[in-house]
Every structure is written in C-alpha cells, then in structure tokens.
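Student: Could we go through this structure together? I would like to begin with the contacts of one residue.

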Amino acid sequence: MRRLWREQRGALIAFVLAALLAAFFGGRIVVRTLYWANPEHQHQAPEGWMTPGYIARSWHLPVEQVDGVLGIENGPELVGKGPPTLDRIARKINVPLPDLIARLETGLPALVAAKQADPGS
C-alpha cells in the first residue's frame, strides 16, 4: 500500500473515490429497493404529508396520472419551494385536504384497474 501511495497516488485516490461512490449509490439502490418492495409501502392510503411522486411510486403509476386525479399540473412548480405535499397542494388550490384525499381514494383504484385491464399502457 505504501508503494502504491508513493508511486501511483493519483490512481489510488481515484480508485478509492470511485469505490466509495459505487458503495454509496449501490447502498441507496438497495435501501430504496427494499423500501418499495415492502408490502406496507404499496397502495398506501393517501395522507397529507405525502407527495404526488410518493403516491405514484406506492401505486405503481406515472406521477402525471396522480397529478391528473388531483386536478393539478406539475406539483413542484405549483407549490414553489419545498416538497409538494398534499397538504401544501390543498392550501395552494384552496381545496380542503380531506376533499383532495377523497379524490385520490376514488381515483387511484380506478387508475390501477384501468392499467391492469390494459397492460400495454
């Protein structure tokens, strides 16, 4: 190791950085895969802290379809700085949060049923 440090310092530093980055991103992939594979995180009932993106991943739908059920376009731009949670979206479009959640509770199962009926989409 000392010889490598003396003779190939740049290459050794580059290798260690590459190995650390690979471990970091590999670890993130494993953690996210395990999280979304857990049945508790699939088809979760919408709550105020959730974002349209989180709901879309939980229900295996494109975020654009979730935005469509909510009656919005591009949640992050709608609410500005910060995460586009259902609570923030409801306040921004002047709709009570329970009404927004009710839209999702009826719309999401319909989208999933339509997706299952037409697997090509």
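Student: Which residues is L70 in contact with, leaving aside its neighbours within four places in sequence?
Tutor: L70 is in contact with P52, L86, I89, I93, L100, R103 and L104. Contact means heavy atoms within 4.5 Å. This is a predicted model, in which local features need pLDDT of at least 70 and side-chain atom pairs count only at pLDDT 80 or more, while totals for chains, interfaces and linings use all residues. Residues are numbered from 1 along each chain as its sequence is written, and side-chain values use heavy atoms, with hydrogens and water left out.

Student: How many residues does the largest nonpolar core have?
Tutor: The largest nonpolar core has 19 residues, and I55, V66, L70, L104 and L108 have the most contacts inside it. A nonpolar core is a set of buried Ala, Val, Leu, Ile, Met, Phe, Trp, Tyr and Cys residues joined through side-chain atoms within 4.5 Å. Buried means under 20% relative accessible area, exposed means over 50%, and partly exposed lies in between (1.4 Å probe, protein chains only).

Student: Which elements give two or more residues to this core?
Tutor: They are α3 (52-59), α4 (63-70), α6 (86-92) and α7 (97-117). Of the elements, α7 gives the most, with five residues. Helices here are DSSP runs (H or I, at least four residues), and strands are runs of E (at least two), numbered from the N terminus.

Student: Which residues of α7 are buried?
Tutor: In α7, L100, I101, L104, G107, L108 and V112 are buried. The cover over the buried residues of α7 includes α3, α4 and α6.

Student: How many residues does α7 have, and how far does it reach?
Tutor: α7 has 21 residues and reaches 30 Å from its first C-alpha to its last, close to the 30 Å expected at 1.5 Å a residue. The expected span is 1.5 Å times one less than the number of residues in the helix.

Student: Let us turn to the loops. Is T51 buried or exposed?
Tutor: T51 counts as buried, because its relative accessibility is 19%. T51 is found in the loop between α2 (9-37) and α3. Leaving aside neighbours within four places in sequence, T51 is in contact with P83, P84 and T85.

Student: What is the phi of H60?
Tutor: H60 has a positive phi of about 60 degrees although it is not a glycine. H60 is found in the loop between α3 and α4, and is partly exposed at 43% relative accessible area.

Student: And what about N94?
Tutor: N94 also is a residue other than glycine with a positive phi, near 55 degrees. N94 lies in the loop between α6 and α7 and is exposed, with a relative accessible area of 69%.

Student: New topic: how many salt bridges are there?
Tutor: The structure holds two salt bridges. A salt bridge is a side-chain nitrogen of Lys or Arg within 4 Å of a carboxyl oxygen of Asp or Glu. R3 forms one with E7, the closest N and O atoms being 3.4 Å apart. R91 and D87 form a salt bridge at 2.9 Å, N to O.

Student: Why are R91 and D87 separated by about one helical turn?
Tutor: R91 and D87 are separated by about one turn because they are four residues apart in helix α6. R91 is exposed at 54% relative accessible area, whereas D87 is partly exposed at 29%.
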